[in-house]
Amino acid sequence: VVMVLAQSSVFAQVQKFGKVDKDVLRATSSEFPAEGLFDRGELRMNRDIEYELHRHTRIKIYSEEGQEWGRFELPYKVSEGESISNVEWISCVLNDNGKVEIYELDEYSISTEKVGNIERLIVSIPNAIEGAVVEIKYVHKIGNPDQVPKWAFDSTIPVKWSEVNAHLPVFHAFAVLSNVEDEFFMQEERTSFLKQKVFVTERTR
């Protein structure tokens, strides 16, 4: 993991939803079953003065073992006023003719389950096969500011670009408790009403 030094680089690794380069789809790896290409979260307050985490994640699947990364479990607590909404997902593969095929929203790919007071929205992205890129976006409404979820900059698979961008009112103070072993980039900007903090790690091979 290396430290990013310029703001112009901060957003360079996060691409528009559904825009996947052919070179990424052609890429192979014998080292990892899958790899996070980027994971970006944006925490902000909505008009009802509730916090929302807008998350956008993209993963490259390299092997059959990595196909499990096409399944996402999104927990939330209804009793705490939480919800998951605006879910979008796709999978992209190269066909035998070298053309990109995109598989989009499928009502049969989503389900919910409840364990205790925690509900989970389960998304099983279709065609999450070897060589595919899977992508998901969603909004997690957080009823209680104390319930802002932890952000994992890495996982059991490497994540090339991990970023969380917090837009907070100036009266809301919070502490950053990090257990990231390597350095990460942090930037802060302030206006009369808002403060913005950006945290990024970038992994290079």
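Start with the open sheet: its three strands sit in the order β3-β7-β6, with antiparallel pairing. Here strands (E, at least two residues) and helices (H or I, at least four residues) are DSSP runs numbered from the N terminus, and two strands pair if DSSP finds at least two bridges between them. Colour β3 and β6 (110-115), the edge strands: each has a single partner strand, so one side of each lacks a neighbour in the sheet. From one strand to the next the twist averages 25 degrees, with axes fitted to C-alpha atoms and angles running from 0 to 180 degrees between N-to-C directions.

A word on what you have loaded: this is a predicted model, where local features need pLDDT of at least 70 and side-chain atom pairs count only at pLDDT 80 or more, while totals for chains, interfaces and linings use all residues. Residues are numbered from 1 along each chain as its sequence is written, and side-chain values use heavy atoms, leaving out hydrogens and water.

Now select β3 with β7 (residues 118-124). Six bridges link this antiparallel pair, and Glu 73 faces Ile 122 in β7.

Next, β4 (residues 83-94). On one pairing, eight bridges join β4 to β8 in the antiparallel sense; pick out Ile 84, opposite His 140 in β8. β4 also runs antiparallel to β5 (residues 100-103), over four bridges, and Leu 94 has Val 100 in β5 as its bridge partner. β4 and β5 make a hairpin with five residues between them, and Gly 98 in the turn has a positive phi of about 80 degrees.

Which residues come closest to the centre of the second largest pocket? The pocket has a volume of about 580 Å³, and Asp 39, Arg 55, Thr 57, Phe 72 and Tyr 138 are the closest of its 25 lining residues. A pocket is an open set of points on a 1 Å grid over the protein atoms alone where a 1.4 Å probe fits, with protein on both sides within 12 Å along at least five of seven lines; lining residues have an atom within 4 Å of a point. The volume is the space filled by probe spheres set on those points, joined across faces, edges and corners.

Select β1 (34-45), β2 (51-61), β3 (71-76) and β8 (133-142): each supplies at least two residues of the lining. β3 gives the most, with five.

Finally, zoom out: the chain holds two helices and 11 strands.
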